[in-house]
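Hello,

Here is the structure I promised to pass on. Please open it first, then read my notes below.

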2 protein chains.
Amino acid sequence: MDPPGTLPQAARRLNNDFDSVYDDELLLEVERLNIDSASFVQMEGQGDVAAQILETVRTRGKQHNPVTGSGGMLLGRVARVGAALAELKSPLAELQKGDRVATLVSLTLTPLKIDRIVSVDPKRHQIVCAGQAVLFASGMAAKMPPDLPESVALAAFDVAGAAPQVARLIENARQGGLGKPGARVLILGCGGKSGLLTSAAARRAGAGRIVGVERDEQAASSARRLGAVDEIVLGDANDAVGVAARAMKAGGGEFDLAVSCVNVPDAEMSAILATRDGGVIYYFSMSTSFTKAALGAEGVSRDVTMIVGNGYAPAHAESTLALLRAEPVLREIFIERYQGP
Amino acid sequence: MDPPGTLPQAARRLNNDFDSVYDDELLLEVERLNIDSASFVQMEGQGDVAAQILETVRTRGKQHNPVTGSGGMLLGRVARVGAALAELKSPLAELQKGDRVATLVSLTLTPLKIDRIVSVDPKRHQIVCAGQAVLFASGMAAKMPPDLPESVALAAFDVAGAAPQVARLIENARQGGLGKPGARVLILGCGGKSGLLTSAAARRAGAGRIVGVERDEQAASSARRLGAVDEIVLGDANDAVGVAARAMKAGGGEFDLAVSCVNVPDAEMSAILATRDGGVIYYFSMSTSFTKAALGAEGVSRDVTMIVGNGYAPAHAESTLALLRAEPVLREIFIERYQGP
């Protein structure tokens, strides 16, 4: 709605009047939001998270954090499958009324109305609420799996792109990757949600030495328990010089691939300083600044390929669930951490 | 200086008291700033560019645009080569007092003091001024070439990373590229400085069909005269749906590689919508938003590799000068457009 003609992600405001749902749209009854980590942490710092979400959704018609620019995804039940979705070959056409699904496109482009917020779960960055949302024909949603608690599956789907992307980066030179099993890999924020998933994915993809950086002792102990990283450096990723030096010492040299999964700003340089010329940096963190990465690498004359983490990869939801099923300890940690009340 | 311990690019404020220049630093007498295009356009929209630059440099100790986060580079004369640079194997050690050089690291991390601004050149985004600046041992500078006007070389050095990066993306799969001569290439902003350079580089690297998008008729006519692109679409890159459709029509389908050289925000989606699954997008524009790119690709479930334009590439200054020498029309256009008074 504002500015007119803009695509939904770039728009300041979407139409969330759901009396007029179109035939090429899917209507959902919303039950739970899973807020992007960078966004939740930013709102927590400002005070009442529920009030900020209600205000954002009221003014923008979507949960699009105006400061971080990020969103999250949601869990809901299919209320109506538009009649035109099948002929448009939309993946949404496979769904049926009553299916419980998680959306796989960002809340920053999902028309949303919230009737009320029931509770805020600061541990899981999830919001139990009642409302409605719409998915477009180009959108995507995954049915909730029968073998995992819903809040756990929701948490995993939120970062579903990360693990398959990292596996490809190690396996496949064609995607901007190294094509080099045995690669030395650095995971910044290795004890967080995407950090744990990418550590496990990197290990399974044949990485050589993996070093993780984590600032939170409890998150680090999860990473230790998972055992996918060879060594953990406790430290803050925005102490670039210190963290890069300690990580390289733990890794035995510069890294072939660095993956940034932190949820705080100013971690661009840690990855750049620790990565070899010709290496790859995969910024999955939504708190990454484009200019800080671009000018930071230039500023130290480092010839690294820096990739913007794409939330989508083919079959990413299925592949992330498969990873959780294949890694019992990872699954345990996810259930302990994300199983909702 | 603020916050203490931060690297220069991330810092809010640098020490620009040049009474205390260290032995591992190079001191320059500054003659001309070349402001990053996104930054200059933003400041122009706010009013008096000279006043804004003086204020930024006064408060931050560097020309680091607080809105766009970008800088530019500068032209000056070497005043003092720190005694320790040679043993640190800094590339700066090859310079001598009196050499005229352009800095190849961003102004966002270059300590700078401006004594006075002589003139602002809105056409070339250059500022004639008097002042001092410091380069660190890890920095880089290029001697001004004897065969090109200085303001022209300065303009080319400012975007020296772009052309060699694009050539590598087409030639070499290892750098996240396609490894595919004959690739279908889209250049957004094909008539601007980096747009002209990358068009020429893509053509020489063996691209197949090249389509350029340009919103400015005069810039488009430069691109036509250069002749590196096969077809030019006149349009605004932030009209994503319209521009992508017209570009794909002109190109005969989706693109293998899209290069974004625009200097205005909200052009992320044009590139995403026009690029095939498995293709590569190279965002050279400093007005690119990380979250808009990441969430935009996810939002339309597009499996593209999105690369953050790195201002540095090995031998980028030499290679960009070599391109200007090898392409007489490009050189002519650069001289007409960037030769200073």
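A search of the whole structure, which is a predicted model, finds 40 salt bridges over all chains. Side chains of opposite charge can pair when their charged atoms come close. Take one example inside chain A. The side chains of A:R80 and A:D23 form a salt bridge, at 3.1 Å from N to O. This pair ties together distant parts of the chain. A:R80 sits in strand 2 of chain A, residues 72–81.

Now look at where the two chains meet. How many salt bridges does the rule find across the interface of chain A and chain B? There are 2. In a salt bridge between A:R168 and B:D303, the distance is 2.7 Å, N to O.

Which elements give two or more residues to the side of chain A that touches chain B? They are helix 7 (240–251), helix 8 (268–274), strand 11 (275–283), helix 9 (290–299) and strand 12 (305–308) of chain A. Helix 9 of chain A gives the largest share, 10 residues. By type, this side of chain A divides into 26 nonpolar, 22 polar and 8 charged residues.

The contact takes 56 residues from chain A and 56 residues from chain B. About 4500 Å² is buried between the two chains. Carbon and sulfur atoms give 59% of that area.

Next, a helix pair within chain A. Helix 4 (residues 162–171) and helix 5 (residues 193–204) of chain A pack at an angle of about 35°. Their axes are 8 Å apart. Is the crossing left-handed or right-handed? For helix 4 and helix 5 of chain A, the crossing is right-handed. From helix 4 of chain A come A:A162, A:A163, A:V166, A:A167 and A:I170. They meet A:S194, A:L197, A:T198, A:A201 and A:A202 in helix 5 of chain A. The residues of this contact are 8 nonpolar, 2 polar and no charged.

Turn to chain B for another helix pair. The axes of helix 4 (residues 162–171) and helix 5 (residues 193–204) of chain B come within 8 Å and cross at roughly 35°. That crossing in chain B is right-handed. Among the residues that meet there are B:V166 and B:I170 in helix 4 of chain B, and B:L197 in helix 5 of chain B.

Best wishes

Key:
Residues are numbered from 1 along each chain as its sequence is written. Chains are lettered from A and ligands numbered from 1 in the order in which they are written. This is a predicted model: local features need pLDDT of at least 70, side-chain atom pairs count only at pLDDT 80 or more; totals for chains, interfaces and linings use all residues. Side-chain values use heavy atoms; hydrogens and water are left out. Axes are lines fitted to C-alpha atoms, for helices over the stretch in contact, and angles run from 0 to 180 degrees between N-to-C directions. Helices (H or I, at least four residues) and strands (E, at least two) are DSSP runs, numbered from the N terminus. A crossing is left-handed if the near helix is turned anticlockwise from the far one by less than a right angle, and right-handed if clockwise. Contact means heavy atoms within 4.5 Å. Buried area is the accessible area (1.4 Å probe) that two parts lose on being put together, summed over both. A salt bridge is a side-chain nitrogen of Lys or Arg within 4 Å of a carboxyl oxygen of Asp or Glu. Ala, Val, Leu, Ile, Met, Phe, Trp, Tyr, Cys and Pro count as nonpolar, Asp, Glu, Lys and Arg as charged, and the others, Gly among them, as polar.
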